[in-house]
Amino acid sequence: MHTHTIQKLSLFLPASIFFLGVFLIARTVFGAGSTQDLSSLVTIGNSAPTVSAVTINSGNDIVLTPNATTTVYVNFTVQDANGCNDVFLNGTVTSTIFRTGVGSACSASDRNCYIVSTSTNSCSGNASTSLATTTFYVYYFADSTTNTTTASSSFPSDHWTGFAWAKDASLASSSATSTATVEMSVLTALNVTTSSINYGTLSAGQDTGATNQFATTTNAGNSTTTLRLHAVATLTAGANSITTSSQAFSTSSFTYAGTSTALTASAVTVSGFLLTIPTTTTNVSRATYWGLTVPFGQATGSYSGTTRFTALYQEN
C-alpha cells in the first residue's frame, strides 16, 4: 500500500508542477484579471506643404497711380496634410511680384521686385487647405512692360508675375509662380509742386526784369517725359485782361524777355526740358522760370489766370 501511494505521488507531482508553470507563464504574459489594456503608439511624420493657384492682380494689367502707390494682390492656395496652421501659424509665407527679367529670386526693389512676408488667410481649425492673399503697394515708377502705340515701355519683352513660397514648422517648403502674367502700364505723368506763379505787384509799362518766378515740376510716372505749356485762361481782372503772350517762360533764369518763350493759348513743347524716370521716391524734378510784362495803359486790379502743365511721353 505504501509503495502504491508513492507511485501515485510520483506521477501527480510532475503534472502539478507542469500546470503550475503554465499558469505562472500565462499570468506573466497576459496579466491578471478578466481584461487587459495595451498601449497604442504611432509617430506622425511631417508632410511638406504645397502652394498652388497663384494669381497676380486677378489676371488684370496693373495701372499705376501718379505720384502714389497702387495696391496689387497676389492670391494663392496652401495645402499641408499636417494642417494649414503648420504653415500660417508655425511656419513662414513669403510672396513676391517681379518683372520677369529679374526672376523670382530678385532683390527687393521698388522698380522691379516687391517682397512681402505677411499675408491674410482663411486657415481655420484643423483644415489642411487655406486660401491666402498678399497685398503689395507698387510705386508709380515701377518698370513698365506694356507696349502701346502711344508709348513704348521700358521693358516691352518682359511681364510681371506673382510668386508664393511657404515653409512649415519642420522647414519643409514649396513654391509656385502664377501661370498668367500681367503687364505694368506706361505712366506718363507730372506733379507741379509750386502752388502758383505770383508776379507780385507791377505798374503799367513795367516788366519783371531779372526777377523770375519759378514752378517746379516732378516726374510722377514711370516714363521719361518732357513738358508742354499753354494758357487755359489769360490773366484777367473783371472785364480787363493782360495779353497771354505777356507771360514768358524759360528753362533757366532770364532778364525779361531775353531768351524766354512767350506763353500761348495752344500747347507748346518746352525746348530742353526733360525729366528722366525716377528710380526711388526721391523726386526727379526741374524748374521753369517765368516773367511778365504789363502793357502801358493796363487798368489796376488783381489779375489771375491759369496755365496748364502737361506731361508728354519722351522715348528713352
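A polar atom in the side chain of Ser 260 sits 2.5 Å from the backbone oxygen of Ala 257. Ser 260 belongs to the loop linking strand S13 (247–250) and strand S14 (261–262); strands here are DSSP runs of E with at least two residues, helices are runs of H or I with at least four, and both are numbered from the N terminus. The model is a predicted one, with local features needing pLDDT of at least 70 and side-chain atom pairs counting only at pLDDT 80 or more, while totals for chains, interfaces and linings use all residues. Residues are numbered from 1 along each chain as its sequence is written, and side-chain values use heavy atoms, leaving out hydrogens and water.

Ser 260 is buried, at 18% relative accessible area, because the label means under 20% (1.4 Å probe, protein chains only).

Now for the cores. A nonpolar core is a set of buried Ala, Val, Leu, Ile, Met, Phe, Trp, Tyr and Cys residues joined through side-chain atoms within 4.5 Å. The largest one has 32 residues, and Val 51, Phe 76 and Phe 136 are among those with the most contacts inside it. Strand S2 (69–79) and strand S6 (129–139) are among the elements giving it two or more residues, and S2 supplies the largest share, four residues. A second, separate core of 20 residues includes Phe 249 and Leu 275.

S6 is worth a look. S2 and S6 pair antiparallel over 11 bridges; pairing takes at least two bridges found by DSSP.

Conventions
Buried means under 20% relative accessible area, exposed over 50%, partly exposed in between (1.4 Å probe, protein chains only). A polar contact is a pair of N or O atoms within 3.5 Å; within protein, one must be able to donate a hydrogen and the other to accept it, and residues adjacent in sequence count only if both atoms are side-chain atoms.
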